[in-house]
Protein chains: 2
Amino acid sequence: MYIEKILPDIIRKNEKKILLMVLDGLGGLPDISTGKTELETAIIPNLNNFAKRGSCGLTIPIAAGITPGSGPAHLALFGYDPVEYQIGRGVLEALGIGMKLGKEDLAIRGNFATIDEKRVVTDRRAGRISTEENAKLVSMLQAEIPEIKGIRCTIRTVKEHRLAIVFSGNGLSPELSENDPEKEGLPLRKIEVLKPEADFTGQVIAEFLTRVEALLAKIDSKAKTILLRGFSRQPEIPGFEEKYKLKAACIASYPMYKGLSRLVGMDVIENLSSFEEQVNTLLKLYDRYDFFFVHYKKTDSSGEDGNFRKKVFALEEFDRLFEKISNLQFEAVAVTGDHSTPSLLKSHSWHPVPIAIVSPNMFSDDVDRFTERSCARGMLGIFPATNVMYLLLGASLKLNKFGA
Amino acid sequence: MYIEKILPDIIRKNEKKILLMVLDGLGGLPDISTGKTELETAIIPNLNNFAKRGSCGLTIPIAAGITPGSGPAHLALFGYDPVEYQIGRGVLEALGIGMKLGKEDLAIRGNFATIDEKRVVTDRRAGRISTEENAKLVSMLQAEIPEIKGIRCTIRTVKEHRLAIVFSGNGLSPELSENDPEKEGLPLRKIEVLKPEADFTGQVIAEFLTRVEALLAKIDSKAKTILLRGFSRQPEIPGFEEKYKLKAACIASYPMYKGLSRLVGMDVIENLSSFEEQVNTLLKLYDRYDFFFVHYKKTDSSGEDGNFRKKVFALEEFDRLFEKISNLQFEAVAVTGDHSTPSLLKSHSWHPVPIAIVSPNMFSDDVDRFTERSCARGMLGIFPATNVMYLLLGASLKLNKFGA
């Protein structure tokens, strides 16, 4: 991004603290019967008061019309160009179940699948086997295949037929084609080496699959092989300390967000299960960090379920607990979402996301409700999510003057 | 910038005239006791009426969160990408005291400094000597060192311990390291040649410093050497005539803004000290140019002083004199600032800056006050300052259709 060219010359450390609160999937769409969104329906006096005190706007997660996954949406909020720093599917799958990745590790997402004697894929999900069966298979495979050619294999269950595999060691490369034919009734594809640097990795993967298939052949299961997809390593990404001179903490409960935060160099606080625990942790750690990322999951999961009422309740729960942090002396607090998840669509969406920022160095505009339509009239305007970090840095006086 | 790729194909000359009025450091922040900004406090009926007649918005000087210096902020308003065209510190220092620079000239900013017999810097500002003493030293040095190896030396006092030096001649290069150790108690650094093309310049500078130190050694002064910083040449930048087909005049009183205007090919009107003189000059020269840049300084200097009342008065003074130009037949008039200088912060800031543009070819929106919060609701939206010139060109029908 344009702005990153000059950032190293102007970033400075000071004592001021920043809080970024992300309500996952915050934005919604109007309910057909009431004409009101989840935010417009919820009773959220603390968020409304926050909006009243701050500058409001809408953020565009990636670009007009583009629906983001959680990875790119969070990277954008953290100030990284989500198109420049793309995170592979294998890495996301591994981060999503809390696997820790080294810089050189190769992460892969897998499906247990059924093949016939001619190696034609007859079921890409092996009858959508249960998570329990998956766990048993993974446990057996892990015990039998701890390593291949000096490369450590870590195999973990995700859910149903899905698993994640991480290979650790030297000389690995993601430059391989996938074996998934993408349609049932077609033969398993051969995994091709796409660049010479991946020759060795190709041998490791080939031996891995041979051994997996031999082991699965001995037992009674629809799982006969693994479709391997999303070969990837984590991107080389400058961390918060290097890029922003911020000592940063992630206060999240879900593995994916913790993994993304670790990727950008945040300290990840572990063993937080409820949002109340997260808020209490923020209160407790306030003195120890310059920057806090607090992640609230329920707004997204209820939206994905298409459960409008549940999303309204999730907003109201957030609102009640949000009050507890109102006495902390942050120089800049942003409350926003990573993307919209309208209950109406039961999925992430591209719609711009409400944001309010409160800082003694910013304006209170005339927006007094924290909703999509109110924030659209705020004085921050409608702007790329990648600007959020820069607004927070500017508001907390952490950016020196550019030029004289 | 994106837009510059097509500009040469569509720019056209016509008889219509453009006025760009820049109130330096225009934007502010609310006073803690009243909750109102300088613009919201000032009585500015003419500016409010102008906003009412025009299209309003907020400009982003460089990018979200980035506080600009005067150089990049003005270049942006003039339609030049301020990150692409960075102006060195030496050039800015020289322009700031009205020195004229040729394309090949090397400009340097200097500090008179004290060193001990071991060449350790004991005072980076030579006891912050008076401007008078500085002027005496500079006069002596200038007389004794008119040139070195065929390169003309021009030495000028800036203020207190600060001076500017311009070397003129062939074969100069800014690729040298600085001799300033940046901390007292450390030895003077050796000036290193960073690229072979700067070999000759390195010799010139070395001889310059040797002669300066020999001359200073003979007199009773804390100034014993000069710390040389910000070696730079002016960027090669297409001028207004070439880029926009505009014959442009700069009506400013401060040297820095005149220097920047000269850099982009404007005719600079000299010997203007009051804003009233500037306005009268505009009236007088109206027939002679296509484009006028009028610069008003007091809003910035009072903001930098942290003097809220004085900034309010400065706005009111501008407002009174602004009325005098209301009968001129400009096709497009913009009133804006280069950046914000909130009295609250006593410095430049990153906050978007109010703008209003009046043109028979534009809309009057429903903004009727020229303030930060009102302009945020204007129909120009919140947009990069580099767009201002293009809006003015468009409004004055100086851009042909792009494509058929």
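**The contact between chain B and chain A**

The contact takes 32 residues from chain B and 27 residues from chain A, where contact means heavy atoms within 4.5 Å. This is a predicted model, in which local features need pLDDT of at least 70 and side-chain atom pairs count only at pLDDT 80 or more, while totals for chains, interfaces and linings use all residues. Residues are numbered from 1 along each chain as its sequence is written, chains are lettered from A and ligands numbered from 1 in the order in which they are written, and side-chain values use heavy atoms, with hydrogens and water left out.

The area buried between the two chains is about 2,300 Å², and carbon and sulfur atoms give 70% of it. Buried area is the accessible area (1.4 Å probe) that two parts lose on being put together, summed over both.

One salt bridge is counted between chain B and chain A. It joins the side chains of Asp366(A) and Arg377(B), at 3.3 Å from N to O; the term denotes a side-chain nitrogen of Lys or Arg within 4 Å of a carboxyl oxygen of Asp or Glu. Six residue pairs between the chains are in polar contact, both residues being at pLDDT 80 or more. A polar contact is a pair of N or O atoms within 3.5 Å; within protein, one must be able to donate a hydrogen and the other to accept it, and residues adjacent in sequence count only if both atoms are side-chain atoms.

On the side of chain B that touches chain A, the elements giving two or more residues are α4 (70–77), α5 (89–96) and α13 (372–375) of chain B. Helices (H or I, at least four residues) and strands (E, at least two) are DSSP runs, numbered from the N terminus. The largest share of this side, three residues, comes from α4(B). By class, this side of chain B has 17 nonpolar, ten polar and five charged residues. Here Ala, Val, Leu, Ile, Met, Phe, Trp, Tyr, Cys and Pro count as nonpolar, Asp, Glu, Lys and Arg as charged, and the others, Gly among them, as polar.

**How the copies are related**

**Individual residues**

Thr225(B) lies in strand β8 (residues 225–232) of chain B. Its relative accessibility is 0%, so Thr225(B) counts as buried; buried means under 20% relative accessible area, exposed over 50%, and partly exposed in between (1.4 Å probe, protein chains only). The side chain of Thr225(B) makes a polar contact of 2.7 Å with the side chain of Glu213(B). Beyond its neighbours within four places in sequence, Thr225(B) is in contact with residues including Asn111(B), Phe112(B) and Leu188(B).

Phe275(B), placed in helix α10 (residues 275–285) of chain B, is buried at 6% relative accessibility. Leaving aside neighbours within four places in sequence, the residues in contact with Phe275(B) include Met21(B), Tyr296(B) and Leu321(B).
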